[in-house]
Each structure stands twice: as structure tokens, then as C-alpha cells.
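Here's a friendly walk through one protein model. Have a look at the sequence and the fold below, and then we'll pick out a strand and a few charged pairs.

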Amino acid sequence: MATPSVEYLPPPLDATAQQPAIFDGTIRLYLAYPCPYAQRVWIARNCKGLQDKIKLVPLNLQNRPAWYKEKVYPENKVPSLEHNGKVIGESLDLIKYVDSNFEGPSLLPDDADKKEYFETTLSHMDEFLGLVYATFKGDSTKDADAAFDHLETALAKYDGPFLLGNEFTLADIAFIPFVERFQIYLSEVFNYDLTAGRPKVAAWIEAADKIDAYKQTKKSDPKEIVEIYKRIFSAQK
């Protein structure tokens, strides 16, 4: 895996920001630093060593520029990637796209069984997120227990700290931005340690935290994460 150098992170663009040039040959990743979906693609970019190839364009989602929806990505969401005269979105599609369409170390093993298991883990993503969010909406941690028990079981499939074994891959990249935030929120609001009784989850987080490509994307303030989730889920209670 490529070892990224520390890079300058530009400040987020808000509604007053001037529109950058579009389709001028520059490859741009539009993201928001607090967004876990965008963080997936940011991590993949770093793991491939593409800091000089793919430019970060961070947005302020609470006050986003009108030109982003009008000129760049009509879905008006992040992440999106401007490449080869088009803009594409959806984070799980984008991490595969970045891995397949750019130079750098492969982020999936050649092993067919592991590739199949990768797709299986992705197929459970919505269920995993739904269980944790059900806890955020209520008072019981029983659904979170189920989610992280499933993750503990998934991590037992192969030897090594990561979902597909000893290498940090797209499978880990898909899950880790969310677990990073869940760990903070569950601890702060529910006094819940998602690693308690789950040694493989604990070892997975510890191993991921040693990956420079991931570490450099951990820019969210824990207080901000708590405030964001409280704002979202207090409205749904």
C-alpha cells in the first residue's frame, strides 16, 4: 500500500465560494470532511497514493455552493468524482472505480473467494447501518449489540486483523468511517463500548488506526460528530 505524505487540506467551500474550473482535465473529489460516505473515497484515494492525481474539493454541506448542484452534480450530494469529462457518485461505486481506474496498489485481493466475501459484506451494509441507527433513535443498545456482533463474526472469517485477512482493503474502507463515528457517539451518548467483548473488532480498529492513508482522513471533531447525530436522530424520536 502506498504511504501518503501529509497533505494540505483546503478549507471547505460555502455558498460564497467561486466555482472552480470544471472539466479542465483536473480530477476532483468533491467531499465534506465530516461525511463518512465521502471519507470512504478519500481513504481509497490515499491508499492508492493518488494525492497528487486526485484533488480534494471540500464543501460546506450546511451552506453548500449553488453551482455544485447546477454545474457539477445534480444529485447535490457528496462524494462525487470528476474524471474523464463526467461526474460520478455513490461511495461504494466510487471506491471500486478509484481502485480499478487508477494506478497504485490494488485494494482487493486476487483471491476469488475473498472477492466474493467482499461483495457479501457490502450486501449487509444497509442492515448494519440500520441496526445502529435504530439504537440512535431509541434508548436500548440491543440493535447495536446485534450489529457489532455481526461485525465480530465477519472479522473471524480470515486470519488477520482485517475483514479479508492481513491487508487493509475496500471491505475495511467501506465500514471503518461509520464505525469511527459510531464508537464516538455510542460512548458519549449511551456510555457504550462497541469493542467490549469483541476482541476482533477491537483489533480491527487498532490495526486500521495504524494505516496512514486512513489516519489522515480522521478529521472530524468528536463533538461535531455527536452534535450531527443528535441533530439528525432527535428529530426522528
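Tyr30 stands opposite Ser80, a residue of strand β3. Tyr30 also has Val57 of β2 standing opposite. Strands and helices here are DSSP runs, numbered from the N terminus, with at least two residues (E) for a strand and at least four (H or I) for a helix. One thing to keep in mind is that this is a predicted model, where local features need pLDDT of at least 70, side-chain atom pairs count only at pLDDT 80 or more, and totals for chains, interfaces and linings use all residues. Residues are numbered from 1 along each chain as its sequence is written, and side-chain values use heavy atoms, with hydrogens and water left out.

So how does β1 pair up with β2 and β3? Two strands count as paired if DSSP finds at least two bridges between them. β1 runs parallel to β2 (residues 54-58), joined by five bridges. With β3 (residues 80-83), β1 pairs in the antiparallel sense, over three bridges. β1 also belongs to a right-handed β-α-β unit, together with helix α1 (residues 36-47) and β2. Right-handed means that, with the strands pointing away from the viewer, the path from the first strand over the helix to the second runs clockwise.

Is β1 buried or exposed? Five of the five residues of β1 (residues 27-31) are buried, so the strand is largely enclosed by the rest of the structure. "Buried" is under 20% relative accessible area, "exposed" is over 50%, and "partly exposed" lies in between (1.4 Å probe, protein chains only). Ile27, Leu29 and Leu31 point one way from β1, while Arg28 and Tyr30 point the other way.

Now for the charged pairs. A salt bridge is a side-chain nitrogen of Lys or Arg within 4 Å of a carboxyl oxygen of Asp or Glu, and the structure holds 14 of them.

| Salt bridge | Closest N and O atoms |
|---|---|
| Lys48 and Asp99 | 2.9 Å |
| Arg198 and Asp149 | 2.9 Å |
| Lys210 and Glu206 | 3.9 Å |

Lys48 is buried at 4% relative accessible area, and Asp99 is buried too, at 11%. Arg198 is buried at 5%, whereas Asp149 is partly exposed at 39%. Lys210 is exposed, with 59%, and Glu206 is partly exposed, with 48%. Elsewhere, salt bridges that share partners tie Asp24, Arg28 and Glu82 into one network.
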